[in-house]
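Please find below a colleague's note on the model under review. It is set out as numbered points for reading beside the coordinates.

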Amino acid sequence: MTAPTTTAVRKGGRWIEQWDPEDERFWREKGERIATRNLVFSILSEHIGFSIWSLWSVMVLFMGPEYGVDAAGKFFLVAMPTLVGAVLRVPYTFAVARFGGRNWTVISAGLLLVPAVVAAVVMEPGTSYTTFMVVAALTGVGGGNFASSMTNINSFYPLRKKGWALGLNAGGGNIGVPVIQLIGLLVIGTAGAAQPRLVLAVYIPLIVVAMVLSALFMDNLAPVRNDSGAAKEAARDAHTWIMSLLYIGTFGSFIGYSFAFGLVLQNQFDRTPLQAASLTFIGPLLGSLIRPVGGRLADTHGGARITLWNFAAMAAATLVVVYASAQKSLSVFLLGFIALFVLSGLGNGSTFKMIPGIFQAKAVARGLTGEAAASYGRRLSGAAMGLIGAVGALGGLGINLAFRESFASAHSGTPAFVSFLAFYALCSAVTWAVYLRGARPAPAPATGPDTHDARSERQPAYADV
């Protein structure tokens, strides 16, 4: 019998007391409609969060010689939000259960006002580099939004829908990167490079709108509770750290390249701020749009298979970029670099689909079935997502620091790209060795009296994660 869904006013917000998305009747009659509504407004808030997180990838394009910041300083400036955002992803993950998904979405959206307003105050020549660094660090709150949003939406959807739903949620958020870059291009192209505050004038009202809409239309799930045991178990599980490595290769690449693209164009190909801004949004836009496709392909063909081929393709695209850097060919460089963005977006969708699948497979191997297996998978995957998202975001920091060192020592990004090539080769090898070598489809559920004992002795089968 399907448990009824009731909404009660508790702790100052809208709370759904019972939630069972794996029950197909419940999902068809009530669950899908509620989950879709929450997904829409989660995407809106996360979208603006990503825009604020990547704010300084745009602000540095406004910083001409009068600001007194060199190329190495700018790479470090755009790396700071990545570091802070990665660290914040861990507490943001647990905030959903502590405050409720809807309530925390409102709070986390409101926190975006702090870096936006402060940046509008300090963004002018004569401001010290230390001040810029502190303000850039504040934008890290936008990076934390991703973890809480993904954890929240993961709880709303059944396993069979997670790849598509998480892909839409993340892809809609990721689009915040190219959108703010497009707004920066519009400002530079119309008002000039001396008007960075106009970008903030657009986003401050949007943050308020996101807060209001989240408060009006989102829900909290009462069954979602912080589980310190799940967090510890996820941290002890080797797959959490293996997936963190793979997510460094996909999401770390996406966010790192998004923040660095404009600076690379300016320093390696002598593009003006307007010329750089006219190109920087293309890669992040395509990478964001294709993320749900990565999730859908993973739902159909298995996340591990898609991830393996994706890393192989990223390695090939990096070879193109290395060649173009050596030949100083802007057109070939753009082709390879934009391909990297597209592939990183595709891999973002497939790797995040793998996480709930891995823990579901572990539950089945332990002899769990039905809702017990689904509950175990949700419990562990929800806890793991925060850790994986945090470590993955540190890849963006690594990319910007690699570019900083590469341009400082070789006056070119080529050495950095060579190191990225080696890392993608490592990720390909790990994906094959852990999730595909000798993999077999998960066995059909057994029905005899010895079901638990037989299945508990099996190793998890990851062919379809």
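1. The model is predicted: local features need pLDDT of at least 70 and side-chain atom pairs count only at pLDDT 80 or more, while totals for chains, interfaces and linings use all residues. Residues are numbered from 1 along each chain as its sequence is written, and side-chain values use heavy atoms, with hydrogens and water left out.

2. Helix α8 (residues 159-174) packs with helix α14 (residues 282-301) at an angle of about 170 degrees, the axes being 7 Å apart. Helices are DSSP runs (H or I, at least four residues), numbered from the N terminus; axes are lines fitted to C-alpha atoms over the stretch in contact, and angles run from 0 to 180 degrees between N-to-C directions. The two helices are therefore roughly antiparallel (over 145 degrees).

3. On the α8 side, the contact (heavy atoms within 4.5 Å) includes Arg160, Trp164 and Leu168; on the α14 side, it includes Arg291, Pro292 and Asp299. The residues of this contact comprise four nonpolar, six polar and four charged. Here Ala, Val, Leu, Ile, Met, Phe, Trp, Tyr, Cys and Pro count as nonpolar, Asp, Glu, Lys and Arg as charged, and the others, Gly among them, as polar.

4. The largest nonpolar core holds 126 residues, and Trp56, Tyr257, Phe333 and Phe403 have the most contacts inside it. Such a core is a set of buried Ala, Val, Leu, Ile, Met, Phe, Trp, Tyr and Cys residues joined through side-chain atoms within 4.5 Å; buried means under 20% relative accessible area (1.4 Å probe, protein chains only). Helix α12 (residues 238-269) gives the most to this core, with 15 residues.

5. Neighbours within four places in sequence aside, Phe403 is in contact with residues including Phe75, Tyr257, Val264 and Phe420.

6. The whole structure has 35 aromatic pairs (Phe, Tyr or Trp rings, the six-membered ring for Trp, with centres within 6.5 Å). The ring centres of Phe50 and Phe251 lie 6.1 Å apart with planes at 80 degrees, so this pair is edge-to-face (over 60 degrees). Phe50 belongs to helix α1 (residues 24-53) and Phe251 to helix α12, 201 residues apart. Phe50 is buried at 0% relative accessibility, and Phe251 is buried at 0%.

7. Tyr257 and Phe420 also form an edge-to-face pair, with centres 5.9 Å apart and planes at 65 degrees. Tyr257 lies in helix α12 and Phe420 in helix α18 (residues 414-436), so the pair ties together parts 163 residues apart in sequence. Tyr257 is buried at 0% relative accessibility, and Phe420 is buried at 9%.

Notes. Angles under 35 degrees count as roughly parallel, over 145 as roughly antiparallel, 65 to 115 as roughly perpendicular and the rest as oblique. Buried means under 20% relative accessible area, exposed over 50%, partly exposed in between (1.4 Å probe, protein chains only). Rings of Phe, Tyr and Trp (its six-membered ring) pair if their centres lie within 6.5 Å; planes under 30 degrees apart count as stacked, over 60 as edge-to-face and the rest as tilted.
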